[in-house]
Amino acid sequence: IQKLEIVRIDHVNDYLETLKSDGKADAALALVPKLQQVFGVNPDSRTETIVAEIALLKAKPKEALALLHARPKGILSARDEALFGQLVVKLFAGLKCEQDLYPAMDLYEAYISRVKVANPEVIAKVITGLGKYRFVERGFRVFREAREDKMMVPDYKCLSALLYAASRVKEYYREAVDAFRQLCLLQSDRVTPYDYSNLLGACSKVGDMKTAILVYQHVKNTDKLSEYVMSSFLYALASTECESSKYSKRPYSVQALGRSDISQVAVEAFNDYLQSNGDNVNERILSAYLACQTVQLNASESKRCLFELVKTPRPNDIENYLRLADTLTNPEIMQEGLALAERKDVKLTLLAYRAIIRVFAKSKMFQEAIDWVKRMKAAGFDPTAEQLKTLHRTLAEEGLDDLKREFFSLVKPYPRKPKNPYYPWRERSFRIADEMKKAYGPNAPKLATNHL
């Protein structure tokens, strides 16, 4: 550069680029403040972009962001926009908790307000971060705004991120299915096991067995059947609900199979997987299979899985087996699970303790149930009367006042509910309606109550 008769800033910028690409970023940064002294030129916007890229390269995103924010509004080159996008991606990739999401979204808002065309890779990363913490509606709004206001053309990564976000919340099940269909229409050969796993996760949220089985049948003889897809399919079968299901807590279910049918589907799928993979079966798959068989009340298959196939049982495995004993009110199954937990030194979970106490309560073994409440407290749990209401109800039905007093000395009492101010007026309306019915018979005028 010094041999040139006229040194321009472009020549210096090229030299800085060379230093950066050769791994001499520190030398480039040291030279920038001396440009006027050494070369007689002043830094321009390209110089600032190079410095910002070096700052990002050296894990100093705040310095890079400060340089970009210093630019006049609306003056960002394509290279600046790409750098801004890298900053957004880097921040969303480093999310560790929900609180980290808020400064990340502030940076995204600054990015989207200054770029001309949104980068699909950046939008996909933002949607994934929002979906991770179940801000699904916000993720869909980001997608719509980028497509409509910033002329973004959705690509595979964007649709895959939408599918992931929608699969996190059951209310967005239909959106998850739509995103998967768009993925298949865009590039069906690029649909990955990750996408199939997310779709199956969405099916498990609502108990859509038909779709889950169709997805499995589509991938079972292909290289798409990864460990995650198989375990997601089995968890989908475990999450289904029948009308008599004790675990049914969801407002609706779209599956139309009975327990025995679902259990048989899981047995056939699992046996096929065993034949193709031999003994090399992931613990996650075994846990999913055990969860499915315990929910579908297949005691023999649950026992085979837990005692013969699972080498190192986890707390959730013991919990599922004890919940099976609870549903069947079978003390023998419970004792088997407890013996295995003691032998393998597995800590019991809160739900496991509750299942044990319910089995004893329903079997009218009240002293044993009280003893397990004490063991539950000794393990560090602080149960409430609401959590152990089965034991309270059976003690009240049997008239065991001494044990009931001991029970309430061990647990937190029921929370007090505020009195409903409407209730006395509702009772008054019922009494008036009764008097009107006596006086006028079937032709009595109806009051503002459903009592008639």
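Me: Which residues form one aromatic cluster here?

Reply: In this predicted model, Tyr353, Trp372 and Phe381 make up one aromatic cluster. Trp372 also has a charged neighbour: Arg375 lies over the face of its ring, at 3.9 Å from the ring centre.

Me: How many aromatic pairs does the count come to?

Reply: Rings pair if their centres lie within 6.5 Å. The count by this rule is eleven aromatic pairs. Take Tyr164 and Tyr194: their ring centres are 6.3 Å apart and their planes stand at 25°, so this pair is stacked. Planes under 30 degrees apart count as stacked.

Me: Where in the chain do Tyr164 and Tyr194 lie?

Reply: Tyr164 belongs to helix α10 (residues 156-167) and Tyr194 to helix α12 (residues 193-206), so the pair ties together parts that are 30 residues apart in sequence.

Me: Is Tyr164 buried or exposed?

Reply: Residues under 20% relative accessible area count as buried. Tyr164 has 13% relative accessibility, so Tyr164 is buried.

Me: How do I read the sides of a helix? Which residues of helix α13 are buried?

Reply: List the buried residues, then look at their directions around the axis. In helix α13 (residues 209-219), the buried residues are Met209, Ala212, Ile213, Val215, Tyr216 and Val219. They span an arc of only 160° around the axis, so they are on the same side of α13. Lys210, Leu214 and His218 are exposed on the other side of α13.

Me: Now to pockets. What volume does the second largest pocket have?

Reply: Rolling a probe the size of a water molecule over the atoms shows where empty space is left. For the second largest pocket, the volume is about 330 Å³.

Me: Which residues lie nearest the centre of the second largest pocket?

Reply: Of the 15 residues that line the second largest pocket, Ser197, Gly201, Lys205, Ser232 and Arg284 lie nearest its centre. By kind, the lining has three nonpolar, seven polar and five charged residues.

Me: Which helix gives the most to the lining of the second largest pocket?

Reply: Helix α12 gives the most, with five residues. Helices α10, α12 and α14 (227-238) each supply at least two residues of this lining.

Note on methods: Residues are numbered from 1 along each chain as its sequence is written. This is a predicted model: local features need pLDDT of at least 70, side-chain atom pairs count only at pLDDT 80 or more; totals for chains, interfaces and linings use all residues. Side-chain values use heavy atoms; hydrogens and water are left out. Rings of Phe, Tyr and Trp (its six-membered ring) pair if their centres lie within 6.5 Å; planes under 30 degrees apart count as stacked, over 60 as edge-to-face and the rest as tilted. Helices (H or I, at least four residues) and strands (E, at least two) are DSSP runs, numbered from the N terminus. Buried means under 20% relative accessible area, exposed over 50%, partly exposed in between (1.4 Å probe, protein chains only). A charge sits over a ring if NZ of Lys or CZ of Arg is within 6 Å of the ring centre and within 35 degrees of the ring normal. On a 1 Å grid over the protein atoms alone, a cavity is a set of points where a 1.4 Å probe fits but cannot get out, and a pocket is an open set with protein on both sides within 12 Å along at least five of seven lines; lining residues have an atom within 4 Å of a point. Grid points are joined across faces, edges and corners, and a volume is the space filled by probe spheres set on the points. Ala, Val, Leu, Ile, Met, Phe, Trp, Tyr, Cys and Pro count as nonpolar, Asp, Glu, Lys and Arg as charged, and the others, Gly among them, as polar. The arc is that of the directions from the helix axis to the C-beta atoms.
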